[in-house]
Amino acid sequence: MPNEIRRAEIAESLAVITEDTALAYLHRYYGLGPWDGLAFTGSHFDGRSKVSTNRIVAEDIIAVGCLSIHVPAAASVEILGKQADEIASLLSDIPDLNLEDISPEQHEEWLGDESAAFRLWRLLRQLDGVGPTTASKLMARKRPGLIPIYDSVVARVTGFHTSAGTWHAWHSALSNEAFKESLQKIRSSAALEHISLLRVLDVVLWMEGKGFQQPERVDQEVSA
C-alpha cells in the first residue's frame, strides 16, 4: 500500500479519537490524575537505560517485558553476549532523533534498507523467537523517538497487516504539521513532554484498540 494511503490511515485512526478521550487514555496509562498509583506496567517501558544508549542490556529486556513481550532466553543470551558488540556498533550509528524531525532524505540515510537501523532490525529478527513486535520494542527502547513499535493491536487499528513499510508510513504521518501539532497538544495537556510523540501516538492508539473506555475491574489485565 502506498505510504500516502497508510499515512492517511494513521491520521484517520487518531482523528476518530477525541482530544478528551486521548488525554484520558494517557492519564490512565501513565497513572496520572485520578489514576495516580494505577499506571499500566507499560509505563515503565519509557525511560533511558542507566547503563548505555548504545548497548542493549538486561534492563532493556526487562523494560520490554513491561510491554507484555518475553524475549526468549536463547535470544537474550545472544543479545547480551555473542551479538552484544555488533548490536552496540550498529546502535552507535543510529541517531537519537525524533522521527518527526528528519527529512525524507534523512529517512533513507537513517532508516533505509542500507541503514544501521535496518541492519539491526535484520540482526534481531534472525534470532530465535524474535518476531517483528519483539524487535520493534527492543529498538524503540533504545531510540524511542525514532523507531515505531509494531504490535497486533495498533496494527489492527491502523490497518497494518505486516510490519513492512511501517517506518515510512509513521514518518510520513508525523511529517504532516497539523497531525504533529495535534499530538503535541495532547502530549502537553498530559504534561508528558518527556515522552516522544511516537510513543504518545502508540499509547493512544493501543488504548483505543484495546477498548479501555470502561472503568477497570480489579482483576482486569493492564499490562501493555
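Helices α5 (residues 84-92) and α7 (residues 116-125) come within 8 Å, axis to axis, and cross at roughly 155°. They are therefore roughly antiparallel (over 145 degrees). From α5, E86, I87, L90 and L91 meet A116, R119, L120, L123 and L124 of α7 (heavy atoms within 4.5 Å). By class, this contact of α5 with α7 holds seven nonpolar, no polar and two charged residues.

This is a predicted model: local features need pLDDT of at least 70, side-chain atom pairs count only at pLDDT 80 or more, and totals for chains, interfaces and linings use all residues. Residues are numbered from 1 along each chain as its sequence is written, and side-chain values use heavy atoms, without hydrogens and water.

Helix α2 (residues 19-30) has 12 residues. Its span from first C-alpha to last is 17 Å, close to the 16 Å expected at 1.5 Å a residue. G31 follows α2, with a positive phi near 70°.

α2 and α12 pack at about 95°, axes 9 Å apart. That makes α2 roughly perpendicular (65 to 115 degrees) to α12. The residues of this contact of α2 with α12 divide into 10 nonpolar, no polar and three charged.

| Helix pair | Axis angle | Axis distance |
|---|---|---|
| α5 and α7 | roughly 155° | within 8 Å |
| α2 and α12 | about 95° | 9 Å |

Note on methods:
Axes fitted to C-alpha atoms, helices over the stretch in contact; angles between N-to-C directions. Helix = DSSP H or I, 4+ residues; strand = E, 2+ residues; numbered from the N terminus. Parallel < 35°, antiparallel > 145°, perpendicular 65-115°, else oblique. Nonpolar A, V, L, I, M, F, W, Y, C, P; charged D, E, K, R; others polar. Expected span 1.5 Å × (residues − 1).
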